Amino acid sequence: MTMDTDIVVIGAGIAGASVAARLAPHASVVLLEREDQPGYHSTGRSAATFVPGYGPPSIISLTSASRSFFMSPDDGFCDGPLLSPRGILMIGGEGDGDHVREAQELGMVQMSLDEAKDRVPPLKTDAVSVALIDEGALDIDVDLLHQGFLREFRRLAGQLHCRAEVKALSREGTGWLVETSAGDWRTPLVVNAAGAWCDAVAALAGVRPVGLQPKRRSAALITPPDSWDISNYPLVFGAGETFYFKPMSGKLMVSPADATVVEPHDAWADDMLIAEAIDKFQQVMDVEVRRLDHTWGGLRTFGSDGDPVVGYDPEVSGFFWLAGQGGYGIQTSPTLSRLAAALALSQTIPGDIVAAGVDVSALSPARFHGAAV
Ligand SMILES: Cc1cc2nc3c(=O)[nH]c(=O)nc-3n(C[C@H](O)[C@H](O)[C@H](O)COP(=O)(O)OP(=O)(O)OC[C@H]3O[C@@H](n4cnc5c(N)ncnc54)[C@H](O)[C@@H]3O)c2cc1C
C-alpha cells in the first residue's frame, strides 16, 4: 500500500531529526532512516563540541545564531543542560608562529605553560613551547539534543520509520513516489538529509549531485590513570590540528584529526593514524598508553566549497537539500533546521538568522549549477 504525506525527510541523524521537528507543526511529515536506530552514523560519532570561532564564516554565523537555543531550548525539549563548560587549549612548538597568529585572530588567548599545566597537570611543559586558550568552547550533550528533536517531532504527530532505506525516488505527477524497504510514500516534497549519502539520494531521484566530499575522521577512547582528574580538562589540540584529545564519558577521546576523502560508508578508524595520534599524545602527556578501550570512525561531509548546502534544488522541483554540514553539524543544527524549514515552507527567514549574518544564497545548491539564486 502506498501512503500519502506532505513531506518525506530522508535520514534521521541530527540534520533530518531537527528539520523534521521544525516542519512538523506545519505539515504531515515522515522521517525515514535506513538503520535500526537514528544517529548511528556521523551524529553518534562526533566530538560533541560547540566551538564558536571554528569553521568558515557561514558556520561561525550559524553557530552564533544557535547559541540561544542551546542555552535555553524550547519548554519541554529536554530535562538537562545541552551545553557544559569545556574550553579549548592549543599547544604548539617552535615554528608554529603562523598557527599562533591565526588562533589569536580567532580570539584564543596566550597563557603561560604553568597556567596550561594547571589546567592539564600531566602536560609535559618541556615538550611544548606555546599554549593558547579559548574558554568559550563548550561540550554538547548530543544525545539529549538529538532525542529532544525526535521527541518534539513525535509529539507533533511526525512518523519516524527506522529500517526504512530509500531505494527509489521516482516522479508521480508533480510529486514523488518514495520506495523504501518499509513501505512506499507519495509526497510533493522530499528533504534530503542523508548525510554522506545526500549525493547518492539525489542520484536516485535523477537530481544532479552537488559534489559532496565525505571525509573520514578516526578516534579512540582510552582510560586515563586513576590519579588523573580529567573532568575539567579542556579539549587540547596540536597547533595546525595535528591531533586532539578531550574528556568523553569519563575517559579521554584521542583523535588524529584526519580528514581523508572517502566514499560514503559505515566508517571505521584508520589504525595507523590512531597509532600516530597516540604517539603525539604520549609526547605531550606524562603517560604510557597500553590499551585502547574502543576506536571508531565517522564521516564529516563538506560541500565542495566548504559550506553547507541548504535549499531547493534549482533544476528539479520538490527536492530540498540539507547537506554538507562538515565538522559542525551538531553545533549548527538549531539554526540550520530553522533556516531549512523556513526555506522549504517558503516562509520568511527568521530575523535572528538574518541578523547573525547568515547568507542564504551562499548556502543554496544553485551555486553549484550556475543558476540564479
Ligand atoms: C569524529 C567526528 C567529530 C565531530 N565533531 C563535531 C563536533 O565537535 N561538533 C559538531 O558540531 N559536529 C561535529 N562533527 C560533525 C557532525 O557529527 C556532523 O556534521 C553531523 O552529525 C551530520 O549529521 P547528519 O544528520 O547530516 O548525518 P548523519 O548523522 O550521518 O545522518 C544521516 C542519516 O541518513 C541515513 N541515510 C542515508 N541514506 C539513506 C537512505 N537511502 N534511506 C534512509 N536513510 C538514509 C543514514 O543512515 C544516517 O543515519 C563531527 C563528526 C565526526 C565524524
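Because domain 1 (2-74 + 141-212 + 305-368) and domain 2 (88-135 + 213-300) both contribute residues to the shell around the ligand, the ligand lies between them; the domain bounds come from an automatic or database domain assignment. The model is predicted, with local features requiring pLDDT of at least 70 and side-chain atom pairs counted only at pLDDT 80 or more, whereas totals for chains, interfaces and linings use all residues. Residues are numbered from 1 along each chain as its sequence is written.

The ligand is surrounded by 40 residues, of which Gly-11, Gly-13, Gly-195, Gly-298 and Gly-329 are the closest, a residue being near the ligand if its C-beta atom, placed from the backbone, lies within 6 Å of it. Two or more residues of this shell are given by each of α1 (14-23), β15 (213-222), β20 (294-302) and β23 (325-326), where helices (H or I, at least four residues) and strands (E, at least two) are DSSP runs numbered from the N terminus. By class, the shell comprises 18 nonpolar, 15 polar and seven charged residues; Ala, Val, Leu, Ile, Met, Phe, Trp, Tyr, Cys and Pro count as nonpolar, Asp, Glu, Lys and Arg as charged, and the others, Gly among them, as polar.

The C-alpha centres of domain 1 and domain 2 are 30 Å apart, and 14 residues of domain 1 are in contact with 15 residues of domain 2, contact requiring C-beta atoms, placed from the backbone, within 7 Å. On the side of domain 1 that touches domain 2, six residues are nonpolar, seven polar and one charged.

Key. Two residues are in contact if their C-beta atoms, placed from the backbone, lie within 7 Å.
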